[in-house]
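Dear colleague,

I am passing on a structure for you to look at, and my notes on its fold and on one helix pair follow below it.

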Amino acid sequence: MMSFARISKWTIGERLGALTLIAVIGPLALVPLVYRVISTVKVGGPLYVEIVRGKDLVADILPPPEYIIETYLVAYQAAEEPRPDARKQYLARLKQLKADYDTRHDYWAANLPEGDMKRTLLVESYEPAQRFYATLERDFVPAVEAGNLTRAAEIVKGPLLEAYEQHRVAIDRLVVKANEFSNDAEARSRKPSTAEKSVERWRSADRHSSSAAPRCASPPVGTSPAASRRAPPFAWWLPNSTASSVCMKWS
């Protein structure tokens with residue numbers, strides 16, 4: 001460890017070199033932390049994997065509101081239900097499902113990028129879904145409320161099924177497009193960011209400095225040529241003229 005008395009004898013060039021060392025080491029001390037944060041939150045990192053796992057689980061256990069499969073199921077159950085109170089519960093559920101569908105439709109209409117995927121969702125799958133809900137409200141609900149389950153069953157197995165199947169075809173196409181969109185976005189995000197490239201350059205430079213630090217251009221003042229040693233470990237960051245001026249005997 002250098003004493004204060006020895007430091008006080010340094011030349012201006014040596015003091016400049018020490019200040020440069022402090023300026024360099026300060027930011028470098030943050031490199032491991034920056035690298036750890038980037039590695040954790042980047043696409044493919046631990047945090048990203050946890051988020052995707054949670055979303056995948058929800059998608060596997062809950063019917064999506066933009067896909068009318070649950071609506072069709074509830075309509076089928078209502079048409080088969082002999083208990084009036086239970087039929088009322090099914091009809092209330094159908095009303096809620098329609099509200100959820102409209103909410104998510106408005107969201108994606110405002111947020112989905114223009115292109116085939118948006119057209120498939122907002123036009124090709126939406127039009128048969130609208131026919132489905134129109135038939136549901138105009139014909140099916142009154143039949144169920146009147147207790148005419150025979151008529152309700154005919155509607156479920158006729159126009160509602162037809163509209164659902166057309167909607168399903170569009171949804172199947174949309175799934176393919178959405179997977180392609182996600183895979184492309186993930187592949188692009190996996191390319192090294194500017195920050196990651198900077199961190200890698202710093203790490204590479206650190207390895208370089210430990211093995212390829214320049215030698216002093218001349219021995220420190222007051223020493224013999226034989227006393228010349230390698231330049232300080234930070235000298236490779238500096239221009240040659242500055243590196244030469246801060247060469248000193250380190251101990």
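Helices (H or I, at least four residues) and strands (E, at least two) are taken here as DSSP runs, numbered from the N terminus. On that basis the protein chain reads α-α-α-α-α-α-α-α-α-α-α along its sequence, with 11 helices and zero strands.

Please keep in mind that this is a predicted model, in which local features need pLDDT of at least 70 and side-chain atom pairs count only at pLDDT 80 or more, whereas totals for chains, interfaces and linings use all residues. Residues are numbered from 1 along each chain as its sequence is written, and side-chain values use heavy atoms, with hydrogens and water left out.

Of the 251 residues in the protein chain, 29% are buried (under 20% relative accessible area, with a 1.4 Å probe and protein chains only). Where contact means heavy atoms within 4.5 Å, 65% of the contacts between residues at least 6 apart in sequence join residues at least 24 apart.

The pair I looked at is helix H5 (residues 69-80) and helix H6 (residues 84-111), which pack at an angle of about 160° with their axes 9 Å apart, the axes being lines fitted to C-alpha atoms over the stretch in contact, and the angles running from 0 to 180 degrees between N-to-C directions. H5 is therefore roughly antiparallel to H6, a term used for angles over 145 degrees. On the H5 side the contact is made by Glu70, Thr71, Val74, Ala75, Gln77 and Ala78, and on the H6 side by Arg87, Tyr90, Arg93, Leu94 and Leu97.

Best regards

How values were computed
Angles under 35 degrees count as roughly parallel, over 145 as roughly antiparallel, 65 to 115 as roughly perpendicular and the rest as oblique. Buried means under 20% relative accessible area, exposed over 50%, partly exposed in between (1.4 Å probe, protein chains only).
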